[in-house]
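Please look over the chain before reading on. The questions below go through it piece by piece.

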Amino acid sequence: MPGIYIHIPFCKHKCTYCDFVSFPNRLNFAEAYMACLYKEVEMRARELEKVVFDTVYIGGGTPSVIDPKYIYGLMKKIVTCFHLTKDPEVTIEMNPGTVDAEKIAIYKRAGINRFSVGLQTAVDSQLEELGRIHTKADFVATCRLLKGENFSADVMLGLKGQTKADVEETISLVDENGATHVSMYALTPEDGTPIYTDYLNGELPDGDEVASLYDYGRALLKERGYLRYEVSNFCKPGFGSRHNMNYWKRGEYIGLGVAASSFFFGKRMTNTFDLDEYMKCILSGHFPVITSEEVEEGDAKFEFVMLALRTVFGISSKAYEKAFKSDWKKDFARAYEATRQYFDEEGDTTRIKDEYLYVQNQILTEFLA
Ligand code: SF4
């Protein structure tokens, strides 16, 4: 079912690997920005009044750095303007060290029932190297506040000097502190970020080393009862992210806020990345959209296959046929034949074999061609 994504672009400090749209020096604009966001909610809701949404995801940036009264106000606006299911999944991203008991209580009153905590690593020297604003102890304190809640922790691989023992320490920490979900993904050194220099200098682990850390982490997560359901996502039974599952099923979603993207009525749209332009557009009653394009059928078919094969559920021929009135194995006959040794087939479902899921990008390149 469709989801709502909201981007809160403020952070206390820019991490050394970050190329997300986040503004560490503009927290003083939070009030004006949130007022614009409330208005964008009203504007979009008018167009989507017949749609029922199942999930809300408040991401960033670091949504937990702003006053929680704005998050409360935002959720109130969303519930008033949009039509949500009876039991929506509502997630907020937060960084350790930016929340206290009162903030969590306000989030819960606002209807938030899932938390995503950006840990990355349990090793303090690595956190410092990444420019993170918190320590391992801050993460533990945040987990104490979230005791009994449904929360996810981010774990990053491919850090300078990272060893298997570091990965083990990190995974033990998240499990022992009650995380129901883990997102474990590889650091991508983006050009223009400070960490890119480390990459150019050969100071970061290479692809094979990262793959070996991933395999090690995956085995540890499995031992601890976290089931992999997508290449980078693992959960205790019943705690998969509904919001993300909708993306992987190529479901519709609406994105609100600066740099947010949407997929609705067969069209992909992106909001401006410029904070001032975003606010100017909204204040003058215009959508801050900078790109809007219909997805052509060939691209839609590729997206469907690519997204489904990222998950352990794989691609269902029936679901593809329902969406496109054709057979995906015929539409992608050459690529399918070239890669079929990597697949498990069961009934109408094709999945990438467990041991190849991490390298699914290389397999999917065939489908892109
Ligand atoms: S907390 Fe996240 S969004 Fe903010 S600077 Fe760090 S990586 Fe970027």
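Q: What percentage of the 369 residues of the chain count as buried?
A: This is a predicted model, where local features need pLDDT of at least 70 and side-chain atom pairs count only at pLDDT 80 or more, while totals for chains, interfaces and linings use all residues. Residues are numbered from 1 along each chain as its sequence is written. A residue is buried if 20 or more other C-beta atoms, placed from the backbone, lie within 10 Å of its own, exposed if 12 or fewer, and partly exposed in between. Of the 369 residues, the buried part is 38%.

Q: Which residues are around the ligand, and how many of them are charged?
A: A residue counts as near if its C-beta atom, placed from the backbone, lies within 6 Å of the molecule. The residues are Cys11, Lys14, Cys15, Cys18, Phe20, Ser22, Gly60, Gly61, Thr62, Asn95 and Gly118. Ala, Val, Leu, Ile, Met, Phe, Trp, Tyr, Cys and Pro count as nonpolar, Asp, Glu, Lys and Arg as charged, and the others, Gly among them, as polar. By class the shell has 4 nonpolar and 6 polar residues, and the number of charged ones is 1.

Q: In which sense do β5 and β6 pair, parallel or antiparallel?
A: Two strands pair if DSSP finds at least two bridges between them. Val155 stands opposite Met184 in β6. Strand β5 (residues 151-157) and strand β6 (residues 181-186) have 6 bridges, and the sense is parallel.

Q: Which strand does β6 join through 3 bridges?
A: The bridge partner of Val182 is Phe234. The strands run antiparallel, and the partner, residues 233-235, is β8.

Q: Which strands stand at the edges of the open sheet of 3 strands?
A: The order of the sheet is β13-β15-β14, with antiparallel pairing. Each edge strand has a single partner strand, so one side of each is left without a neighbour in the sheet; the edges are β13 (315-316) and β14.

Q: Which residue in the turn between β14 and β15 has a positive phi?
A: β14 and β15 form a hairpin with 2 residues between them. The bridge partner of Glu346 is Thr349 in β15. The residue with a positive phi, about 55 degrees, is Gly347.

Notes: Helices (H or I, at least four residues) and strands (E, at least two) are DSSP runs, numbered from the N terminus.
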